[in-house]
Amino acid sequence: MTDVSRYFDWAATSPQDKDILNESLMATISSWGNPSSAHKAGKEARNLLEEARNSCAKTLGVKPETIYFTSGGTESDQLALLSVLTKPVKGTVLISSIEHPAIREQALVLKKCGWNVETLKADKLGIITPETVAESLTDDTHLVCVMAVNNETGIIQPINEIADIITEKTKGKRRPKFHVDCVQAAGKIPLDISHAGIDSAAFSAHKICGPRGIGILYFKEATESFLRGGGQEKGIRSGTENVFGALAFSKVLEKYFISEENKTALNHYETSMECTRKFVDKLATLKGCSIVPEGRLNKENDKFFSPYVVQAAFKNIPGQVMLRALDARDICISTGSACSTKKANRPVLEAMHIPGDIRETAVRFSFGPLTKPEDIDALFEAVSEVNGTFNK
């Protein structure tokens, strides 16, 4: 069994909160009916499902009727993107150049369906500025997608400011919808999706100690789904509901979501900011090490980064070599998105104009609510040891 203290690939998935999963499992074993059934067993399951929905809504600061349970972050993103296919007239969809494949690849499907897909360019720090979005808006723009936190670099996007400028620039016209992938943001940074200009958002439980196979799609206003079926989740996401997953997700959200009300999660976040800054500074002292993006070396830029993701490159050490060297020491890291590990290209780093030699040697260290400062100290010692072998 992998030791959580030696696990630094939280951006791929997280250790599961056993107490929460066990509690949720026992509850759904007792109430095992189909929540769409009209009999007593179904109603018992429905009560659990709605209890989970209400809890998620309360934690996220939105109305229960805006919460839809899905199979995960990818499906939540896809449902938001595919909703444009119900429009009577085709138009333009804007996606950021640093999106997760769940957005990037689905946008290519829209393109094949006749939609115009344009890419919002990131600056050198990896930020999609509100000005960039404003300049790209056209009268036929139907949807804008910008993720809250990038899964490879940890860069935090100014989603509230982007939402505001979309509203401002389209005043008196049809306003395009704004979708935010929050998979790497929930439980990792303070987050407010109740902001007026955010129309939809995607979440995934397994990034914050929950089970795999359960996600949330926040839709501020009821919309028509392109995918049809039995009509569950008010027709937005058909299919028998995952009551266990929904209940577990509601409980990990309540425990790990960062807010002023959740002092434990907030304190860990603030401690992690300090700890990650020390880690970045120490990495920068290693011969041949480059922090990606370079702008993260400036302490003043810490507010633009999640403390739970750090990208760094090591000269003369291809990313896969560093991964295997640390894996031999029972330390888990990654070279980027788990969804792209078999692909040689690094679209996010390419979009940030990171040089090829840096892209090839870049690796990702990612942390979570259970990561302790001493764990990161041990990680640095191991990385330093491997680096010293190749860069003497």
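Figure 1. At 8% relative accessibility, Arg277 counts as buried because the cut-off for burial is under 20% relative accessible area. The model shown here, as in every figure below, is predicted. The side chain of Arg277 forms a salt bridge with that of Asp302, with an N to O distance of 2.6 Å. This pair links distant parts of the chain, 25 residues apart. Arg277 belongs to helix H8 (residues 263-284), whereas Asp302 lies in the loop between strand S8 (289-292) and strand S9 (309-314). Asp302 is buried as well, its relative accessible area being 16%.

**Figure 2. The salt bridge between Arg364 and Asp9.** The closest N and O atoms of Arg364 and Asp9 are 3.1 Å apart. The two residues are separated by 355 residues and link distant parts of the chain. Arg364 sits in strand S10 (residues 362-366), and Asp9 in the segment before H1. Arg364 is buried, with a relative accessible area of 0%. For Asp9 the value is 12%, and this residue is also buried. A search of the whole structure gives 19 salt bridges.

Figure 3. A salt bridge joins the side chains of Glu50 and Arg46 at 2.8 Å, N to O. Because Glu50 and Arg46 are four residues apart in helix H2 (residues 40-60), about one helical turn separates them. Glu50 is partly exposed, with a relative accessible area of 25%. Arg46 is likewise partly exposed, at 25%. Both residues belong to a network of salt bridges that links Arg46, Glu50, Arg53, Glu233 and Glu241.

**Figure 4. The largest nonpolar core and the surroundings of Leu283.** The largest nonpolar core has 100 residues. Phe178, Phe203, Leu283, Phe314 and Phe365 are the residues with the most contacts inside this core. Helix H7 (residues 243-256) supplies the largest share of the core, eight residues. Leaving aside residues up to four places away in sequence, Leu283 touches Cys289, Ile291, Val310, Ala312, Phe314, Phe365, Phe380 and Val383. A second, separate core has twelve residues, among them Val84, Ile95, Ile103 and Cys145.

Figure 5. Met26 is located in helix H1 (residues 18-30). With a relative accessible area of 52%, Met26 is exposed, because the class begins at values over 50%.

**Figure 6. The protein chain as the setting for the close-up views.** The secondary structure comprises twelve helices and ten strands. The radius of gyration is 21 Å, close to the 21 Å given by the globule rule for 392 residues, so the chain is as compact as a globular protein of that length. Along the principal axes, the C-alpha atoms fill a box of roughly 70 × 50 × 35 Å. Of the 392 residues, 57% count as buried. Among contacts with a separation of 6 or more, 72% are between residues 24 or more positions apart. The protein chain exposes about 17200 Å², of which carbon and sulfur atoms supply 52%.

Note on methods
Residues numbered from 1 in each chain as written. Predicted model: local features only at pLDDT ≥ 70, side-chain atom pairs only at ≥ 80, totals over all residues. Heavy atoms only, no water. Buried < 20%, exposed > 50% of the residue type's maximum accessible area, 1.4 Å probe, protein only. Rg over C-alpha atoms; globule rule 2.2 N^0.38 Å. Contact = heavy atoms within 4.5 Å. Areas by Shrake-Rupley, 256 points an atom, 1.4 Å probe, with all protein chains shown as cover. Core = buried A, V, L, I, M, F, W, Y, C linked by side-chain atoms within 4.5 Å. Salt bridge = Lys/Arg side-chain N within 4 Å of Asp/Glu carboxyl O.
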